[in-house]
Amino acid sequence: MPEEPGQGRRKAARLDDRQFLAVVENAPLVSMDIVVRDPSGRVLLGFRENEPARHSWFVPGGRIGKNESLDDAFYRITREELGKAFDRTQAAFLGVYEHFYTTNAGGLPGFGTHYVALGYEVTVSEPLSPPREQHSRYDWFTVADLLAARDVHPNTKHFF
């Protein structure tokens with residue numbers, strides 16, 4: 001029987017909050033950001049409820065964990081952020097981006113967050129049901145509208 005996508009994948013190591021914030025203070029994080037387009041070319045953005053980039057529209061994405069392959073990370077991140085898992089082979093690689101923030105996930109003073117983000121793009125033809133853990137709402141934007149919107153984060157605009 002063929003292996004279902006995502007089964008047998010290596011789980012990423014998880015840090016507790018204290019360990020994670022020590023990493024944020026002292027090292028860059030590596031993440032994947034996913035530009036999700038519908039067949040008409042509109043882009044799915046979520047309104048972030050946590051730092052960094054709180055209260056701005058942002059593309060879905062997430063951190064890559066220690067010992068997590070890029071393929072496993074892409075599968076997990078799309079499942080967690082979009083409610084549907086995709087294989088990295090279904091995506092186009094957009095490039096490597098740097099994101100600098102003055103804030104951090106713990107809301108602690110004195111240090112920001114630095115991400116090295118791997119950008120990918122997928123096109124979806126069916127409706128998605130993204131979870132609401134990090135984003136309070138989702139909406140589809142034309143590229144022109146997202147570039148003009150003041151509440152779309154500048155790091156999201158870099159993808160376009």
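Modeller: Helices (H or I, at least four residues) and strands (E, at least two) are DSSP runs, numbered from the N terminus. In this protein the elements follow the order α-β-β-β-β-α-β-β-β-α-α from the N terminus, with four helices and seven strands in total. The model is predicted, so to speak of a local feature requires pLDDT of at least 70 and side-chain atom pairs count only at pLDDT 80 or more, while totals for chains, interfaces and linings use all residues. Residues are numbered from 1 along each chain as its sequence is written, and side-chain values use heavy atoms, leaving out hydrogens and water.

Biologist: Is strand β1 mostly covered or mostly uncovered?

Modeller: Buried means under 20% relative accessible area, exposed over 50%, and partly exposed in between (1.4 Å probe, protein chains only). Eight of the nine residues of β1 (residues 29–37) are buried, so defined. For the protein, buried residues are 42% of the 160.

Biologist: Which strands pair with β1?

Modeller: Two strands pair if DSSP finds at least two bridges between them. With β6 (residues 113–123), β1 pairs in the parallel sense over nine bridges, and Asp33 has Gly119 of β6 as its bridge partner. With β4 (residues 61–63), β1 pairs in the antiparallel sense over three bridges; there Ser31 stands opposite Arg63.

Biologist: Which residues touch the most other members of the largest nonpolar core?

Modeller: A nonpolar core is a set of buried Ala, Val, Leu, Ile, Met, Phe, Trp, Tyr and Cys residues joined through side-chain atoms within 4.5 Å. The largest has 22 residues, and Leu45, Trp57, Val59, Phe141, Leu146 and Val152 touch the most other members. Elements that each supply at least two residues of this core include α1 (17–26), β2 (43–48) and β5 (92–101). Another core, of 17 residues, lies apart from it and has Met32, Val36, Ile64 and Ile77 among its members.

Biologist: What is Trp57 in contact with, leaving aside its neighbours within four places in sequence?

Modeller: Contact means heavy atoms within 4.5 Å. Among the contacts of Trp57 are Leu45, Phe47, Arg137, Phe141, Val152 and His153.
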